[in-house]
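Biologist: Can you walk me through this one? I'd like the helix packing and the chain contact.
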Amino acid sequence: MAMIVELGLQGLQMLLVVLIAPLVLGITRKVKARLLRRIGPPVLQPYRDIWKLMHKEAVLAHNASWIYRVAPYFIFAATWVAAALVPTYATALLFSWSADLIALVALLGTARFALALAGMDVGTAFGGIGSSREVMIASLAEPAMILIVFTVALVAGTTQLSAIATTFITASVGLRVSLGLALFALICVGIAENARIPIDNPATHLELTMVHEAMVLEYSGRHLAVIEAAAALKLVLYFSLVACLFVPFGMATGEKTVGALALGMGSYLAKIFVLAVLLPIGETSVAKMRVFRYPIFLGGAFAAAALAVFLLFVSRGF
Amino acid sequence: MGSLAFDIAHLLAGTMLVLSFVLLYQDRVTAVLNVFALQAIVLALSVAWQSVAQASPHLVVTAAVALVVKGFIVPAALHRIVRKLDIHREIEQVIGGGVTMLAGLALVALSILLVQPVGEVNIITREDLAFALAVVLLGLLMMITRRNAVTQIVGFMSLENGLVLAATGAKGMPLVVEFSVAFSVLIAFIVFGVFVFRIRERFDTVDVSALDSFRGERSDRI
């Protein structure tokens, strides 16, 4: 019986991230539209879009290989596993031993690899340039991400997300400049990875500087639906990561009573909502960057993360 | 000294170091001046906090000097120079932004390694010294990498911020020393200011690379 409950709680987390992902995307779009003095589509629109795309015919290019057809499902699967691993409303769930930060980075890297391959598969110019840029951004963002992982792991003494969250809730970590720098770097990396505004414009479908949209330009029907769902899922993943690492308060850590779980769930949803409102506010206050400035932006994130690691060594010694 | 006192000192000193990096990263002259003012204000806060933590009231005077002179007077004067020279819109070519940042990170690592042996005595002193040394080295790096005379001055001033941070972290620096340092910096600033105007008069630019090819020809304006 206890096993079934544990499985159910883990399954709830896996379903939760998938189910709220389009809603989170809808909220960011709505807030952004309101900030631009437009009404904007209803917050449930992403669900309808995915539903509509699911029922449309999928058009394939003549020279599309099996990679092109398999990639969307592969990307979705990898992103879903990664998103389901991040602790959301409770720590120490059944599979939380596998929720390792480095594994998470690897899963996201795998998904990105598949997406870049799919972008190049048909051989259009846009797909190729999108893949090339995506890989450039990834090669800049991933070292920063790894350094963020090091920072958090050095403070908490482990790379397991669930254990990190528990440490941050229970132990007194104190005011650490390193953690602030790591948060800053994680936000920069998250913006770059999710193709949000200073790096890429998520609202565009035809722009010379687009990255994510350029890769998926050829997709249609159910393939596109799955890719869009994966993109929404990735956004929720980064939100959950920020919430889990830097504001883990409210999570159910000890005994999994109904009250603790409800509190955890409520606080998780509230945190995600706040982040989904803050992101478009940040996006509307900056202008899109030129492609050649990406290394400077992500280099700043890298420098902040490296500084965070260094500063930890000052206070703790070797 | 409790854990909270230590945390706040760490936070303020760390913020100064981060602001040093922001200085390295900025390529707009006015933004550099604003960040420098912010760094001086954080320095004043840090010194003030040290005076509370170490229970040595004379540090309040140092904090006040830092706040007034470096937080307000020097940035205001530099802003005035920049506006007078009409370079406030200029974007400076920072030599290899990424390379500079990497060099900065290496300097921070170096200062941490250098200060490591001190740590057996007192963790607060070690942290403070490491941060201060890093700020000093980053100020030097900024003076080396910039070509604009005004941002070089800012590099020098931020170097001096690091010195003050180091001095207040170590217990019992006499007030006379601090005053003499503050005044010598002020005088250096005045000399710098005069120099900037002279360079500008002669070469029509504050880019000091113009001095490299200068071999002492007399222009008829002087």
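Modeller: First a term: a residue is buried if 20 or more other C-beta atoms, placed from the backbone, lie within 10 Å of its own. The model is predicted: local features need pLDDT of at least 70, side-chain atom pairs count only at pLDDT 80 or more, and totals for chains, interfaces and linings use all residues. Residues are numbered from 1 along each chain as its sequence is written, with chains lettered from A in the order in which they are written.

Biologist: How many residues of helix 6 of chain A are buried?
Modeller: Seven of the ten in helix 6 (residues 161-170), so the helix is largely enclosed by the rest of the structure. Helices here are DSSP runs (H or I, at least four residues), numbered from the N terminus.

Biologist: Which ones, and what do they pack against?
Modeller: A:L161, A:S162, A:A163, A:I164, A:A165, A:T166 and A:F168 are buried. They pack against helix 3, helix 4, helix 5 and helix 9 of chain A.

Biologist: Other topic. At what angle do helix 1 and helix 10 of chain A pack?
Modeller: About 40°, with their axes 9 Å apart. Axes are lines fitted to C-alpha atoms over the stretch in contact, and angles run from 0 to 180 degrees between N-to-C directions.

Biologist: And chain B, how many residues does it put into the contact with chain A?
Modeller: Chain B gives 21 residues and chain A gives 17, a contact being C-beta atoms, placed from the backbone, within 7 Å. On the chain B side, the largest share, ten residues, comes from helix 1 of chain B.

Conventions: Helix = DSSP H or I, 4+ residues; strand = E, 2+ residues; numbered from the N terminus. Buried ≥ 20, exposed ≤ 12 C-beta atoms within 10 Å, placed from the backbone. Contact = placed C-beta atoms within 7 Å.
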